[in-house]
Amino acid sequence: MLISYKWLQEILGADPGVDAVTSALGRGGLEVDRVTHVGAALRPVVLASVEATRPHPSKKGLTLVRVDTGGAGGGVEVVCGAQNVPAPGAGALVCYAPVGAQVLDRSGALVTLTEKAVAGVPSAGMLCAEDELGLGSSHEGLLIIEGGRPGQSLLDWEPRLEDWIIELSVTPNRPDALGHLGVARDVAAVLGVPFQPPAVARPQASGGAARASVEVRDKERCPRYAGQVIEGVSVGPSPLWARVRLGRLGVRPITNVVDATNLVMLERGQPLHAFDLDALRLPIEIRRARQGEAFVALDGQKLSLNEDDLVIADAERVVALAGVIGGADSGVTATTRRVFLESAYFEPRGIRRSARRYGFHTEASHRFEREVDLSGVPLSRDRGTALICELAGAEAAGEPIDAYVAPRAPRRLTLRLPRYKRIIGAEAPPRTREILETLGASIVEQQADRLLVEVPAHRPDIVEEIDLIEEVARVAGYDQIPSSLPRVGAAPAGARGDYRLRRRVRQICTGIGLHEAVTYSFLSPQELRASRFEVEPLLRLLNPLSEEKSVMRPSLVPGLLTVAQRSQRYNVPRVRLFEVSQVFLPRQGGAGGADGAGQKARVERPPVDEPTRLTVLLAGPRDSYLTRPEDVDFYDGKGVVEAVLAELAGSVAPELDLEGEPPPWAHPRKGARVTLDGRAVGYVAELHPDVRDALEITTGAVVAELDLAAVAAAYRAPVAAKPSRFPAMRHDVALLLPLDVPAGQVLELLRTTAGERCEKVELFDRYRGGELPPGTHSLGFALWFRSPERTLTDEEVDRWTKAAVDAAKARFGAQQR
């Protein structure tokens, strides 16, 4: 946003200085990017009258012009190539730049004038065009000045030609700062100077009845629409000060009528639009477009409209895409004599959708998308009417129109001064009321410890008490807030729910040597396909920032695999990572519930499930100091899962089986489902060969994924038991088993058939060798027996062990070695 300091000065009614204004803006939260001093080079330029002209003696097309510059030494003769030199005695003045003055050349660079001969005739300075003075882009002829006197400085004749342009970074929540009036409010509030918005007088209208009729058919999208008929318009160029002011603020001057609407927009932040009234077929309607309805925009684009678009239409056709751009056949032209001036409030989200749909980003849509001042709509209409009448020699006709079809009550908020102190850490400043009133708020009621504040409509970002606190604090100055630690009371029960579980999981995983990773919640379709996920059923973003982040992750695995891939590219093959976070899955089925009377009550829920998962990725060689390093495999992942669940599951022992469909990333024969108390809670497996090939992972990799909500649901607190004072007895057995028999099932069978004195069963060895029969392996189990009453005998332990081994032989065909 570009701001003119001279314009701020006019609105403030004071001259605080450029440095004070830029400092106040920065302290108030409006970031100043750049300040540019413009027009300073115009100080030596003076107004001059033409005394005489004669052709150049040797160069065709050049003229020798003697001008009166108001000096004591008489006239000055300069060589001029312009064709619009005023006739002597005509009264018009030209701009004379003497020797030593600086002007712009055709490339836009500043050059210092020196006395030199042009085709053999000396020229003491030059007569200037607009572009040579930096006042516009026209080079068609000399800049002609009406009024003033010879010898008068150009800047004395029009002080507004020298200015300081302040470039601001305005955040989307501050639409009031998209106009000079809103910026002036902030400056006045920070500097503590009195501020009164410039009065806007309603123009005196000729005639008794309104000359146009308006029908608002969409009250939700256009709650307020104001207009004014203006007659006797003489369309032409704007005065120099208006053209220069617009050009310096980044708006191209067009005609006096259009320039007047743009000046009001830059002043008040309210876009206006001027229609050629004679090109309209009344009445004017504000309605939704019909599907496929044709519209030709001001820039010549032919659009086929959508029924979601809000349009301005007459009795026959669409004449404007509301809040975005006007129509080509209803705009102001050189022949326009009657104007209908529009000032309105359009619902921001609808304007944003229409602008994005057709690729427009206009000055009007930029402001309507962020919300304009609903209460200021008629004031902006009156200000625009007065300015058009001034610049175009026109007059208002008939009564102004103000169709306020959906009135909105102003917001009222209570500012509690004790809460201000709790939030900010300091007492509210003595000028709290003054700050709020300067910003446009009204104090409805004031008590010792609170203020009842009516929020102005030009501040849609102030919706809660905390917003009022922020406004007072930022204007009073963040540098005035003392540095002190706030008093924070700890919750008596500590952290709760999911956060507590996540924190415990992180402690466990870091305790066993894993490193936490944080990956993006959005993935690319390529990453998902590389992990063998199907993209179509998943959640795609409607408006992604890029294709690489267009799908919400259904699993943490693809993100961690990308980290492992990048790690290997940087020659770091050993990866030990975990992540605890949410995944996003489409919800299956509808949403509903029942009320207290047993009747079905519809409950609206987001169509997305967001379960919390723990995912572990191990890749590269396992830790080895005395033997040759080997890559991690399924058993490393199994050990991590058991270590984590030993802490999380309480007294419920985890089990691994081959039931169920494996995840897409899992190896089909080197993985297992993880269950707790018969409930599936996750999966652990080596990485599928296709995934390894797609990601170019050259080392072994194993992944474990657990649903933390399912783990928490299966948790049972351990029951304390009195420890036995008698020793335990261990009996080892080695069983020869087929390779397709899961070790977990064998272990569970031994545990349940070894009798009630069997305390635990552990798998401690697995052996595959050439002397064993093909398709078999040897598993070593340790069975622990203990009695709380006495020391067990070897005969008892042998009998119980034999019963367990016999059960394994009968069920699995095991052979004891």
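Rings of Phe, Tyr and Trp (its six-membered ring) pair if their centres lie within 6.5 Å; planes under 30 degrees apart count as stacked, over 60 as edge-to-face and the rest as tilted. This model is predicted, so local features need pLDDT of at least 70 and side-chain atom pairs pLDDT 80 or more, while totals for chains, interfaces and linings use all residues. Residues are numbered from 1 along each chain as its sequence is written, and side-chain values use heavy atoms, leaving out hydrogens and water.

**Rings that meet**

Across the whole structure, a search turns up 4 aromatic pairs. One of them joins Y5 and W164: the ring centres are 5.9 Å apart and the planes stand at 90°, so this pair is edge-to-face. Y5 belongs to helix α1 (residues 5-12) and W164 to strand β13 (residues 163-169), so the contact ties together parts 159 residues apart in sequence. Helices (H or I, at least four residues) and strands (E, at least two) are DSSP runs, numbered from the N terminus.

Is Y5 buried or exposed? Y5 is buried, at 3% relative accessible area, whereas W164 is partly exposed at 22%. Here buried means under 20%, exposed over 50%, and partly exposed in between (1.4 Å probe, protein chains only).

**Charges over rings**

A charge sits over a ring if NZ of Lys or CZ of Arg is within 6 Å of the ring centre and within 35 degrees of the ring normal.

| Charged residue | Ring | Distance to ring centre |
|---|---|---|
| R224 | Y404 | 4.1 Å |
| K549 | Y520 | 4.7 Å |
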